[in-house]
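The sequence and the structure are shown first.

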Amino acid sequence: MKEIKIGIVGYGGMGGYHESDLIKNNPNVSVKGVFDIDNSKVELAKTKNLVGYNSYEELLNDNEIEAVLVATPNDSHKEISIKALNNKKHVICEKPVTINSDDLLEIVEVAKKNDRVFMVHQNRRWDSDYLIIRDLYKNKQIGDLFQIESRVHGANGIPGDWRHIKKHGGGMLLDWGVHILDQILFMVDSPIKNIYSDLSYVLGDEVDDGFVTYITFENGVRAVLEVGTSNFIKLPRWYVKGLNGSGAIYDWDLSGELIVQNKLDEKIELKPIKAGEGFTKTMAPPSEESTTKLKLPNPSCEYEPFYTNFARVVREGVDPIVKNEEVYKLMKVIEDIFKSAKN
Ligand code: NAD
């Protein structure tokens, strides 16, 4: 497969990561050059033997560049993507694709008109912690999951500059929220029945610094999603309840466990415990014979790396792993979450 040469627009944290990690490690793609409105970033690119373009137009006029990676603040994705597509470039766009769902429809129309690929980098579909939970959901190792709790907790507030500003599409729902919602929607194959949400503003910014959302799906599964930036003690990254057991993944290091109920011939009488100033049978731990503690299974991943898939979508017309219809649905849910929190 002929390698696809990419031009990066926005060579900050994520643009740099695409170049030095994701693209460099993939034989199907390479970075030719960079444009950034901050000239120091263009100069940095030159020190890495990349072409530093003086303007976006100069990058677009480079005929060797077949695709553009958009890694700028959220509010600029639409304009930069449309310009690239109209210049016959394929586009990889960072998440959140845009700051509202209508803008995505406009981009998709322009992509169709120009017969170019437009793909959003929803990269956390490849996270090992997520894939373990997705496997549990599918293989029912602890029975049908009826509650899935997904949390990302930090204690460093909102990072950087533009993420604090509403007009740039700042705030945590549009930042981490987009990832953890995408993961849930890519796992639970059922329409949403209802959404209840609350955004937090404890740090005093004009944008949310976290949120809690409860989503109930028509198949009965309930998801609890939470992002927090003032959490000096973290809750587990994942906590799931199945009809025959529970599972937890504590952190990115994949520490965690599954507790599965044993099938016993006769019921074991529970021993009550003293709890605080009271006495309880209901909350006593299950007996040793009635449960088994298991290590977390290894994740299975049936999909190819993002850039391999992107290159095959461009060259061979295979299905994209991240479909624009899925991203549209995700953006609609984000809008519903904002609405629910407001009401
Ligand atoms: P950043 O502030 O580190 O970098 C943004 C860069 O874009 C800066 O260098 C800035 O000068 C440049 N820029 C701004 N406007 C521009 C324009 N009009 N034209 C050209 N360059 C411009 O931000 P970041 O953390 O790298 O985030 C960039 C994008 O990547 C955001 O959409 C963010 O949500 C996304 N992101 C995704 C992930 C992920 O895991 N998928 C992780 C981090 C960030």
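## Composition of the ligand shell

Sorted by class, the residues that form the shell around the ligand comprise 9 nonpolar, 9 polar and 6 charged residues. The model is a predicted one. The shell numbers 24 residues, of which M14, D36, N74, K95 and N123 come nearest to the ligand.

Two helices each supply at least two residues of this shell: helix 1, spanning 13-23, and helix 4, spanning 77-86.

A polar backbone atom of M14 is 2.7 Å from an oxygen atom of the ligand. From the side chains, an N or O atom of W162 is 2.9 Å from a ligand oxygen, and an N or O atom of R163 is 3.1 Å from a ligand oxygen. On its own, the ligand has 840 Å² of accessible area, and the protein covers 82% of this.

## Position between the domains

Residues of the ligand shell come from both domain 1 (4-121 + 304-329) and domain 2 (125-301), and the ligand therefore lies between them.

## The nonpolar core

The largest nonpolar core contains 93 residues, and F118, I148 and F310 are those with the most contacts inside it. Helix 7 (residues 173-185) gives the most to this core, contributing 7 residues. Because domain 1 (4-121 + 304-329) and domain 2 (125-301) both give residues to this core, the core lies between them.

How values were computed: Residues are numbered from 1 along each chain as its sequence is written. This is a predicted model: local features need pLDDT of at least 70, side-chain atom pairs count only at pLDDT 80 or more; totals for chains, interfaces and linings use all residues. Side-chain values use heavy atoms; hydrogens and water are left out. A residue is near a molecule or strand if one of its heavy atoms lies within 4 Å of it. A polar contact is a pair of N or O atoms within 3.5 Å; within protein, one must be able to donate a hydrogen and the other to accept it, and residues adjacent in sequence count only if both atoms are side-chain atoms. Accessible areas come from the Shrake-Rupley method with a 1.4 Å probe; for residues, only the protein chains shown count as cover. Helices (H or I, at least four residues) and strands (E, at least two) are DSSP runs, numbered from the N terminus. Ala, Val, Leu, Ile, Met, Phe, Trp, Tyr, Cys and Pro count as nonpolar, Asp, Glu, Lys and Arg as charged, and the others, Gly among them, as polar. Domain bounds come from an automatic or database domain assignment. A nonpolar core is a set of buried Ala, Val, Leu, Ile, Met, Phe, Trp, Tyr and Cys residues joined through side-chain atoms within 4.5 Å. Buried means under 20% relative accessible area, exposed over 50%, partly exposed in between (1.4 Å probe, protein chains only).
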